[in-house]
Every structure is written in structure tokens, then in C-alpha cells.
Amino acid sequence: MSMGAVWYARRLSRMGPREVGGRAVDAARRRLWRTARPHVPQAAGARFTAALPAGALADVPADASKRLIAEAERLMAGRATYFGVERDDMTDPDWSLDPRTGLRAPADYAFDVPYRQEDLVGDIKQIWEPSRHQYLTVLAAAYALSGDERYAERVAAHLRSWWAANPPLRGVHWVSGIELGIRLLSWVWIRRLLDGWPGAAALFEDNQVARRQIWHHQRWLAAFPSRGSSANNHVIAEAAGQFAAGCAFRWYPTSARWRTDALRQLDRQLRANTFPSGLNRELATEYHGLVLELGLAALAEADIAGVPVPATTRLVLLRMTDALAAVVDRRLRPPRQGDADDGHGLILDGAGTDRWGSLLATGEAVFGRLGWWPEVPGTDVRTPLLAALIRRFDRTVHRPATRPSRFADAGMTILRAPGEIWCRCDGGPHGFLSIAAHAHADALSVEVRHDGVDVLADPGTYCYHGQPEWRSYFRSTLGHNTLQLDDRDQSTSGGPFLWTRHARTRVLADGPERWSAEHDGYQPSVHRRDVELAAEQSELRVFDEVRGPHRTVRLAFHLGPTITAELQGNRAHLRWTRDGDDRSAVLDLPGQLTWQAHHGESDPPLGWYSAGFGRKEPATTLVGTGFTDGTQGFTTVLRFHG
């Protein structure tokens, strides 16, 4: 059996009968659409009525506007950065080019394009990202704030170029629903932000090509929703984009049905993808941010269009916002848990705008802040514009009276020492749905920061397709601050977005200063970990215990990229600077293990940190090797100085 056939067999094994049936219908429809020529309504007399309220732009802070204009000028010069790749060709982009490999994706029937095969198509993320058109929402926002028509004209030229190069169902941009959904949301905001430009109507509602593109996008999304084991953040992006277009571009006989179906799907999937505590069920923090951005953007379209939304939609978004406020550190950085691909739902800001601060600012404007929320020092463009559209939440609902530290349903606990020490403990499910697509094999891992600096770091994600050895490393057990037995992962991978066996974790103790949990990923052995934070001593103690037969052990601690380490036997002296001040700590490691420092090694990968998708840099990883006979434990103590 070929590797492709093996993967499909594994993937099929994670589907239920209903999902298999739905995918069979999808396959039949794809064959039919290859030759079908649908009738596209003319949408005569179409008008755009979802403009910003008067005065909304005046509420944008001057410094946020300045950052936006600076970013717009960079884009006008043709410069943009996607996943670590600097581009200087964005004055006239090739929509099918991967600048990293130099390959161009074929313009075949969309469902024939082998987009997962980097050797044939290129890096699909590099190709897809510009075509989300979120850089065009930045240019459109720059026009709205400045009145400079250069920005509007560039937006119009690029949209016309994209529409000409990507006719319906041809090429790689018609393959994935999340791309179509986010692109539709971008088009809604582009039209809104260009509303004062004389050419706006000719670009959209009076343009037959634009109307056809919008209709085909919505038809596609209605026909091919992500389903079953794939109903994660993708299905929310699809529903949010479909709903936004159904509200703002209500020009077609099917608009009302598409809008109603999308809202029903959005509400159902927001609830399904979110724990009652408010954390995202994928246990991948960046997808929490993506889903929250998409949900707020959809809510804005509903309120400006006068479309009632279920109370549960607002409640889920409220809980997600409170949960985000609870888990961030003092610098407003959330956990680095699970996969991260730098995906955004709506971009209206320039470089230097803090994503998480922006989301909390929007949450404050829409839902109201609680007394324990952290202060948000920065400003952004998006918050006042969303706040101008979204009806302020005025219901009396239960919200946490004090800052939560324990999210039992998600298995996340945050231990804090007043002011500086922040420690995330992972005792939750392996991931979401049967494939846990964005999960890492990180059960019982810890993530420790001091004044927002990564000390014991989660290394991140780095890549998805095309580099299997790096994808495996960054999602592996060895790639996290936890214990590995017999050189294998706690959970079993069946592919880059597929886990066929999930470790099960159980939290045993969960208090403000102590946490304890165990998992069964190494049956018949059980790994148990106790973490205790002594705030007055600025000390964190980690005790690992393996109950079961004799096994080989590797215990890893990944240091952040700004941390220098001097390893002497089983003691590491750690040093770094923060705001010009020298900081230090001592890490006393279990003496039963033999310790070695690794830094930027590639064969095999070890000692790396990925600050964002497509980027990695060397960092120090301390690995202790040895054995366990089921009767001894391993104690690690981290002491911060000054």
C-alpha cells in the first residue's frame, strides 16, 4: 500500500458513518461541477448599504492611524512579509507563485490541484496567504482614514487582477473553504472602507465580474462545508465569511437562505468549538484568537444589517474574551499551546499593533471589562470600527468575579506569583475531535515566563506541509517541556494533521500554588507530574514520577531564545535581560539523569524556537537521559533571582 493510501486509510478510520456519507456526496458534487455551468443571477440594481456609521473613523486613535499608514506605504512600495519570507513583488503579485520555492500552482480544475504536495505546487501557505486579501483591507483602511486615492486605486487594481487570474473553480484558490470564507470577509470590509471613494460601486455592485465572484464563493461554501472530524476553526471561518457576505452583499435570490444557514452553522460551531470555560477546544491558542476575531466580525455584520443572532452566539464570544483576559501574562501574551499559523480573521492595523491587546480592547468596548482584567496600554484601528457596528452587550450574565486560574474542562491551569512568574500547566485533552488536527503531544508540559520572557518555552509550530521532519519535531513530546519514554511520543501521529491514538490526561490536584496530573500515553506505565510554585521564594518545583516497568527516559526543558545557559553537571545557570535589566535564574535538574545542552541542531532537529509560522531560530534545549524502574522520581527546581 502506498504512503498516500496508508494516510487515507488512517484518515477514514477517524470518521463516523455520517461523515463518510457526507464526504461521498461532496466527491460526487465535485465531479458534477467539473462540467456543470450554473446560472449566475445578474443581481441587477444591487446596492451596498453596510457602510460605517458617521463619525466612526474619527474615533480611531492618531497613533494607530499612523502605524496603519506606515504599513500601507510599505505595501504600496510592493513590500510584504509572509511567514518569514520578504516579498518585494506586491505591486503586481503573481497569485499562484510560491516565492520560497519558486514554483507556481497549476491553474487546473480546483479539485485536481494536489495542494498538499509541495514538490508540485509549492508552499501552499505562501500562495494562499496574500489571496486572503487582508493586506488589501489594510490599504482600504488607509484610504478611509486618509482619503488618499492611491490606496483605493491599488486595491481596485489588485482585486481586478485577482478576479481575472482566478475564475471560479480554477486553480489553487478554490480548494479550501477557510480561504474562501476569510476572503469574503475581507471583500466586505474592503467595500465598506472604500465607501467614500467614487469608484467603489463600479468595483463591486456595478461590476459583473465582482458579482459573479461573490456568488460563486457563496455557492462553494454552501456546497462544501468542513464536516465531522474536520469541523474545527475552518468551519467557523467558512460560516463567518458566508454570513458576512449574506448580510453585506444581499444581492441574490439565495442570499437570505445562505445567510440563515450560515448563521445557524456559526452559532452551532462556535458552541461546539468552545469549552464552557471559554477556551477554544482545539487547545491551540492562536486558533482561539482566530475564532474570536471571526465571531466578532460576523457579529458586526449582523448588527449593522439588523439580523437577530442567537443569544448563545454573543455569550460564547463573551466567555472567549473573558478567558483570554484570564490566561494572558502581564505583557498580554497568551499561552503558546498547540499549533499556530499566524492566521487572522480581520486585519485593519499596521505592524506593531498587539493582536491580543486589540482583542481585549474590542472585548471591553463590546462586553465591558471586569475589574480583574489586565490593562491594555496600546491602541488599534479595528476596535473603534467594530465597536461602531456591534451593539453593546447589555444582558446581565454570570461572569467571573475574580481572575480564573483553573480551566478544568480544558485542563489548563495558570500558576502566578504576584507580578512576574507565570506558569501554564497542561492537563487537558489531547485535542479536538477524532483527528485532533492542531494538537501537540504535550501532555503534562509546562510553560514558564518571568515578566513576559519565555524561560521554559513552548517551542511553537514552524511549519505544516513540505518539511515532515520539522513538523514532527515541533509537535512531538521531545519538543515540549515534559517527559518522554522509550524515544516515542505520548500520542500516535498518523500524519501532519492526524493523531490516531490520543493520550488521556487526568488532573489530580489543582490549587493556586500546586498542580498535579497524570497521563496514560505510555501504557502500561503512567507518567505523573506535580508542579508547585512557592511565590515568596520565587521558586518553581517540578516532580516527575513514572509508575510501571523499566523504561528509558528523556526529560526536556526548552529555554526561550533570549535565555543563555551555562550547564554544569545537573545545574544550569540562566541569564537574560528585560528592558535593559539583567535577570538570572538557576535550574537544578534531576541528578539521576545525564544532562546535555542542545542548540540549533538539525539532524535530528533539537534546540529550536519558532516565534511565528515559517520562522525558527536556535535556542537551548536541556535534555536529561537515563532510566526509570518505576520506584524513583525526578525533581527539577527553578529559582529566580532578583
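Contact is taken to mean heavy atoms within 4.5 Å. The model is a predicted one, in which local features need pLDDT of at least 70, side-chain atom pairs count only at pLDDT 80 or more, and totals for chains, interfaces and linings use all residues. Residues are numbered from 1 along each chain as its sequence is written, and side-chain values use heavy atoms, with hydrogens and water left out.

Leaving aside neighbours within four places in sequence, Ser610 is in contact with Arg336, Pro459, Gly460, Thr461, Tyr462, Phe474, Arg615 and Lys616. A polar atom of the Ser610 side chain lies 3.3 Å from the backbone nitrogen of Tyr462. Ser610 belongs to strand β22, residues 608–612 (strands are DSSP runs of E, at least two residues, and helices runs of H or I, at least four, numbered from the N terminus). The relative accessible area of Ser610 is 3%, and the residue is buried (under 20% relative accessible area, with a 1.4 Å probe and protein chains only).

Because four of the five residues of β22 are buried, the strand is largely enclosed by the rest of the structure. Strand β22 pairs with β23 (residues 615–618) in the antiparallel sense over three bridges, where pairing requires that DSSP finds at least two bridges between two strands. Gly612 stands opposite Arg615 in β23. Two residues lie between the strands of this hairpin, in which Gly614 takes a positive phi near 80°.

Helix α12 (residues 255–272) has 18 residues and reaches 25 Å from its first C-alpha to its last, close to the 26 Å expected at 1.5 Å a residue; the expected span is 1.5 Å times one less than the number of residues. Buried residues of α12 include Trp258, Leu263 and Leu270. The buried residues of α12 pack against α10 (208–223), α11 (233–248), α13 (285–305) and α14 (311–327).

Notes. Buried means under 20% relative accessible area, exposed over 50%, partly exposed in between (1.4 Å probe, protein chains only). A polar contact is a pair of N or O atoms within 3.5 Å; within protein, one must be able to donate a hydrogen and the other to accept it, and residues adjacent in sequence count only if both atoms are side-chain atoms.
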